[in-house]
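Please look at the sequence and the model first.

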Amino acid sequence: MCIPPYYKYLFLAIIVGTLVILAVFYDRVYYFIPTFVFAIMWSRVACLKCHEPILKDKNGWYIFSMRSTCRHCGQDTLLCEIESDEVASQRLK
Ligand SMILES: [Zn+2]
């Protein structure tokens, strides 16, 4: 069984977002420890095809994306199989 990287990415985004909100509103500084751990996992969720993190753009900046298309190679990160170069690169145009 395979979980598409985009689902992991969204799941971790929700966890990180919730923990940040809890830490800020309830003034619980120790919530930042799991937030930090989840944020590292989040930033490491990578595209299956090019292995670049979904959260990073071409310049290495961390940018939150709602698109499931990989910014680096065009692979649809909602899929578990690696797409061919023709299919993936078409999507980048
Ligand atoms: Zn990619």
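The sections below go from the whole chain to its parts.

## Basis of the model

This is a predicted model, in which local features need pLDDT of at least 70, side-chain atom pairs count only at pLDDT 80 or more, and totals for chains, interfaces and linings use all residues. Residues are numbered from 1 along each chain as its sequence is written, and side-chain values use heavy atoms, with hydrogens and water left out.

## The chain as a whole

The chain has three helices and zero strands, and its pattern along the sequence is α-α-α. Helices (H or I, at least four residues) and strands (E, at least two) are DSSP runs, numbered from the N terminus. Along the principal axes, the C-alpha atoms fill a box of roughly 50 × 35 × 15 Å.

Of the 93 residues, 33% count as buried. Here buried means under 20% relative accessible area, exposed means over 50%, and partly exposed lies in between (1.4 Å probe, protein chains only). Contact means heavy atoms within 4.5 Å. Among contacts between residues at least 6 apart in sequence, 40% join residues at least 24 apart.

Helix 2 has 12 residues and reaches 16 Å from its first C-alpha to its last, close to the 16 Å expected at 1.5 Å a residue. The expected span is 1.5 Å times one less than the number of residues. The buried residues of helix 2 are Thr35, Trp42 and Ser43. They cover an arc of only 85 degrees around the axis, which puts them on the same side of helix 2; the arc is that of the directions from the helix axis to the C-beta atoms. An α-helix has 3.6 residues a turn, so residues three or four places apart point the same way. The buried residues of helix 2 pack against helix 1.

Which residues does Val16 contact, leaving aside its neighbours within four places in sequence? They are Thr35, Phe38, Ala39 and Trp42. Val16 is found in helix 1 and is buried, with a relative accessible area of 9%. Its C-alpha atom is 9.1 Å from that of Val37, a residue 21 places away in sequence. Phe32 is found in helix 2 and is partly exposed, at 39% relative accessible area.

## The zinc site

The zinc ion is coordinated by the SG atoms of Cys47, Cys50, Cys70 and Cys73, at 2.2 to 2.3 Å. Donors are N, O and S atoms within 2.8 Å of the metal (3.2 Å for Na, K and Ca); water is not among the atoms, so sites may look incomplete. The four donor atoms subtend angles of 108 to 111 degrees, which makes the arrangement tetrahedral. Four donors count as tetrahedral if all angles lie between 85 and 135 degrees.

Along the chain the donors follow the spacing C-x2-C-x19-C-x2-C. Cys47 and Cys73 both lie in the loop between helix 2 (32–43) and helix 3 (85–92), so the pair ties together parts that are 26 residues apart in sequence. Cys47 is buried, and Cys73 is buried with a relative accessible area of 14%. Cys50 is partly exposed, at 26%.

## The disulfide

A disulfide is counted when a pair of cysteine sulfur atoms lies within 2.5 Å, and by this rule the count comes to one. Cys2 and Cys80 form it, with their sulfur atoms 1.8 Å apart. The link of Cys2 and Cys80 is left-handed, with -90 degrees about the S-S bond. The pair links distant parts of the chain, 78 residues apart: Cys2 in the segment before helix 1 (5–25), and Cys80 in the loop between helix 2 and helix 3.

Cys2 is partly exposed, with a relative accessible area of 39%. Cys80 is also partly exposed, at 31%.

## Two residues with positive phi

Most residues other than glycine have a negative phi, and most peptide bonds are trans. Asp27, which is not a glycine, has a positive phi near 55 degrees. Asp27 is found in the loop between helix 1 and helix 2 and counts as exposed at 64% relative accessibility.

His51 has a positive phi of about 60 degrees although it is not a glycine. His51 is found in the loop between helix 2 and helix 3 and is exposed, with a relative accessible area of 60%.

Methods:
Tetrahedral: all angles 85-135°; square planar, octahedral: opposite > 155°, others 65-115°.
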